[in-house]
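Trainee: I have a structure open and would like to go through it with you. Can we start?

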Amino acid sequence: MDKQSLETLRKKLPAEECVCNLADLFKMFGDSTRTKILCCLQVRDLNVGEIAEVLNMSVSAVSHQLRVLRSAKLVRGTKEGKEVRYALDDNHVTMILQCGMSHVNERD
């Protein structure tokens with residue numbers, strides 16, 4: 001590849017900070033527990049206890065993962081009385097999950 005082509009390609013790459021942020025986002029999906037939680041929330045909004053019951057996990061383990069997912073802006077919590085109901089943060093999270101599932105399923 002000639003120098004001009006290389007430079008053209010370099011200019012089309014996203015900024016370093018953007019690439020690092022994207023890598024950090026995909027790390028969130030690298031943990032099967034977090035991915036299971038996201039899949040549950042793709043079906044419906046749930047509280048911590050419901051997620052723990054569905055996944056046969058402790059409430060504290062689910063709470064920890066929800067904190068991680070909230071910090072990554074993948075889930076949001078809404079206070080309802082004494083409980084917090086969790087949901088996917090926005091439609092982009094659903095799209096990421098759907099694209100990932102589509103890719104995994106086509107490889108079989």
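Trainee: Which side chain makes a polar contact with the side chain of Arg85?
Mentor: That of Glu50, at 3.2 Å. A polar contact is a pair of N or O atoms within 3.5 Å; within protein, one must be able to donate a hydrogen and the other to accept it, and residues adjacent in sequence count only if both atoms are side-chain atoms. Before we go on: this is a predicted model, where local features need pLDDT of at least 70 and side-chain atom pairs count only at pLDDT 80 or more, while totals for chains, interfaces and linings use all residues. Residues are numbered from 1 along each chain as its sequence is written, and side-chain values use heavy atoms, with hydrogens and water left out.

Trainee: OK. Which backbone oxygen lies 3.0 Å from a polar atom of the Arg85 side chain?
Mentor: The one of Asp45.

Trainee: Where is Arg85 found, and is it buried or exposed?
Mentor: Arg85 is in strand 3 (83-88). Helices (H or I, at least four residues) and strands (E, at least two) are DSSP runs, numbered from the N terminus. Arg85 counts as buried because its relative accessibility is 15%; buried means under 20% relative accessible area, exposed over 50%, and partly exposed in between (1.4 Å probe, protein chains only).

Trainee: And what does Asn47 touch, beyond its neighbours within four places in sequence?
Mentor: Asn47 is in contact (heavy atoms within 4.5 Å) with Glu83, Val84 and Arg85. The Asn47 and Glu83 side chains also make a polar contact of 3.2 Å. Asn47 sits in strand 1, residues 46-47, and is buried at 10% relative accessibility.

Trainee: New topic. Which residues of the largest nonpolar core touch the most other members?
Mentor: Ile37, Leu38, Leu41, Ile51 and Leu66, out of 21 residues. A nonpolar core is a set of buried Ala, Val, Leu, Ile, Met, Phe, Trp, Tyr and Cys residues joined through side-chain atoms within 4.5 Å. Elements that each supply at least two residues of this core include helix 3 (32-43), helix 4 (48-55) and helix 5 (59-71).

Trainee: What is Ile37 in contact with, leaving aside neighbours within four places?
Mentor: Ile51, Leu55, Val62, Gln65, Leu66 and Leu69.

Trainee: How much space lies in the largest pocket?
Mentor: About 170 Å³. On a 1 Å grid over the protein atoms alone, a pocket is an open set of points where a 1.4 Å probe fits, with protein on both sides within 12 Å along at least five of seven lines; lining residues have an atom within 4 Å of a point.

Trainee: Which helix gives the largest share of the lining?
Mentor: Helix 6, with six residues. Among the lining residues are Phe26, Cys39, Ile96 and Met101.

Trainee: Last one: which loop holds Asn56, and is Asn56 buried or exposed?
Mentor: Asn56 is in the loop between helix 4 and helix 5, and counts as exposed at 73% relative accessibility. Its phi is near 55 degrees, a positive value in a residue other than glycine.

Trainee: What about the phi of Lys73?
Mentor: Lys73 is not a glycine, yet has a positive phi of about 60 degrees. Lys73 is in the loop between helix 5 and strand 2 (75-80) and is exposed, at 62% relative accessible area.

Notes: Grid points are joined across faces, edges and corners, and a volume is the space filled by probe spheres set on the points.
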